Amino acid sequence: MAANTVLLVEDNPSDVFIVQRTFQKLQLPGSLQVAADGDEAVAYLSGSGRYADRERYPLPALVLLDLKLPRRSGFEVLEWLKAQPILGRVPVVVFTSSRQPSDINRAYDHGANSYLVKTVNPRDSEDLGRILCHYWVKCNQQPDLDPLAS
Amino acid sequence: MSDPPPRPFAAITVEDLERTYQRMISGVKEYAIFMLDPKGHVTSWNAGAERIKGYRSDEILGKHFSVFYPVEDQKSGKPAAELERAARQGALEDEDWRVRKDGSLFWANVIITAVRDDNGELIGFTKVTRDLTSRREMEQQLRTRAQELERQKVQLQESNEAMEAFTYSISHDLRAPLRGMWGYASALLEDYSNTLDSTGRQYVQSIVDGAARMDALIEDLLAYSRLTQAQITVGPVSLSHVVAKAVDQIRERNGESANIQVIEPLGEVEAHAPTLLQVIVNLLSNALKFVTPGSAASVRVHSEISNQNVRLWVEDQGIGIAPEHHQRIFQPFERLHGIESYPGTGIGLAIVRKGVERMHGRVGLESAPGQGARFWFELPQRRSHGNGSQYRLAGGR
């Protein structure tokens with residue numbers, strides 16, 4: 001069974017609201033989990049503490065990663081994740097308001113799989129959400145994340 | 001008529017030569033050339049020496065040459081030391097301050113050469129002095145100016161960086177709350193439209209409209225400030241391609257109905273394709289916007305070549321602009337109409353002017369109220385480049 005969890009790493013509550021609402025409204029083929037800062041994202045992905053319960057907190061098919069985060073920044077999360085054996089296979093889509101070429105290049109240098117800029121217009125956000133889930137959750141061939149299965 | 005035969009070389013006497021040299025030297029005005037006896041007394045004087053130092057020959061002959069030195073150098077014994085060194089080394093060059101007869105200082109280049117007889121006995125010195133005061137002043141001015149430019153460059157770099165950081169924070173931090181505002185207001189309209197009466201819905205719609213306007217304003221401000229700062233490099237660009245692309249963008253936004261007539265050929269210019277695209281999109285959307293309510297907009301685009309420049313015209317049959325406003329409308333935030341009648345940020349035409357100016361061109365318009373507006377911009381015609389490989393389509397994918 002293909003995983004359909006999307007882990008949103010986002011500290012701004014209204015941005016979390018917009019993504020959650022888009023998922024509900026469009027009944028997107030993904031179940032959304034939220035980590036509110038970089039440390040929590042690392043805890044979730046490495047399965048420490050309460051995140052050890054993979055029934056409740058399954059490994060995601062996609063990480064949707066904001067760059068400007070409290071504690072550990074999005075870049076640090078990305079760098080950490082892509083350095084992990086096996087776990088580093090999880091596709092990461094950077095989702096930020098920065099259009100700076102330096103940020104874009106740095107994200108790809110650190111192994112980001114895609115880079116999307118947040119839009120202000122909610123209709124544009126819905127379009128983006130629909131395309132994103134269709135591509136990364138439904139179409140994309142997902143990697144094996146079980147350490148025992150090679 | 002033939003020249004007389006040249007005098008045989010052997011016939012030129014030492015006396016002839018000496019007379020020639022003396023005449024030559026006495027006439028030189030740019031250099032002070034004179035002689036000193038072994039003790040340093042002046043024994044000859046030329047026109048240049050008189051001009052530079054201010055003494056007539058009868059005033060200076062027989063005087064000691066130390067009077068040419070500033071008092072402190074005289075006290076430290078510099079004149080005698082220089083003669084001593086010249087005698088020892090054969091010659092000496094110095095650049096320093098010297099004094100004129102009237103007491104004023106000048107910056108001198110001095111060469112003192114020892115003169116010896118056939119037995120090696122010192123018989124005196126020749127001294128050649130140049131007045132380098134104005135050259136020195138010019139050098140100092142150049143140095144000061146260079147330092148000033150360097151300082152300005154650093155300041156500009158700093159303010160550019162500050163501006164970039166500011167622009168970044170506008171795009172990032174100002175947009176986040178706006179996104180929330182727009183998102184929540186839309187959610188309110190969608191999820192609670194049953195519990196809101198029509199006035200309530202109107203209020204919320206106004207919040208949405210305000211957020212949308214603010215978003216457009218931030219976008220335009222960013223575009224304007226990027227144009228002000230970004231490095232813009234020009235190269236050959238086909239106007240036809242860029243206009244076609246701009247028309248596509250406009251139709252995507254305004255619907256296929258937009259009536260835009262393009263009269264080919266438009267020619268090729270030296271431009272920065274993305275900036276040119278933005279300029280043309282803004283001119284087209286401006287031309288389509290300002291029509292009498294109820295009537296359909298129609299726009300005509302054509303070009304002409306004059307004096308190695310291509311002038312592109314964007315003409316509409318809209319409401320027109322009174323001549324007294326023709327300059328004003330290219331300023332940022334200048335709007336001639338209320339938001340209610342014609343929406344816009346007031347930056348569109350400022351972007352047009354800034355963009356064209358950054359590409360070394362000019363903008364202008366011809367218009368009167370009720371007679372439509374004919375906007376134009378002028379860019380240098382495409383130079384013929386040796387090979388076609390530099391040819392670039394407008395922002396091709």
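The model is predicted: local features need pLDDT of at least 70, side-chain atom pairs count only at pLDDT 80 or more, and totals for chains, interfaces and linings use all residues. Residues are numbered from 1 along each chain as its sequence is written, while chains are lettered from A and ligands numbered from 1 in the order in which they are written.

**Stop 1**

Select residues 13–26 and 122–139 of chain A, helices H1 and H5. Helices (H or I, at least four residues) are DSSP runs, numbered from the N terminus. The two axes come within 10 Å and cross at roughly 65 degrees. H1(A) and H5(A) are therefore roughly perpendicular (65 to 115 degrees). Now show the contact residues (C-beta atoms, placed from the backbone, within 7 Å). On H1(A), they include A:Ile18 and A:Phe23; on H5(A), they include A:Pro122 and A:Arg130. The contact divides into five nonpolar, three polar and two charged residues.

**Stop 2: H2 and H3**

Next, select residues 38–46 and 74–83 of chain A, helices H2 and H3. Their axes come within 9 Å and cross at roughly 20 degrees. H2(A) and H3(A) are therefore roughly parallel (under 35 degrees). A:Gly38, A:Ala41, A:Val42 and A:Leu45 of H2(A) meet a set in H3(A) that includes A:Trp80.

**Stop 3: chain B against chain A**

Finally, display both chains. The contact takes 15 residues from chain B and 14 from chain A. On the chain B side, color H6 (133–191) and H7 (198–229), which each supply at least two residues. H6(B) gives the largest share, 13 residues.

Technical notes
Axes are lines fitted to C-alpha atoms, for helices over the stretch in contact, and angles run from 0 to 180 degrees between N-to-C directions. Angles under 35 degrees count as roughly parallel, over 145 as roughly antiparallel, 65 to 115 as roughly perpendicular and the rest as oblique. Two residues are in contact if their C-beta atoms, placed from the backbone, lie within 7 Å. Ala, Val, Leu, Ile, Met, Phe, Trp, Tyr, Cys and Pro count as nonpolar, Asp, Glu, Lys and Arg as charged, and the others, Gly among them, as polar.
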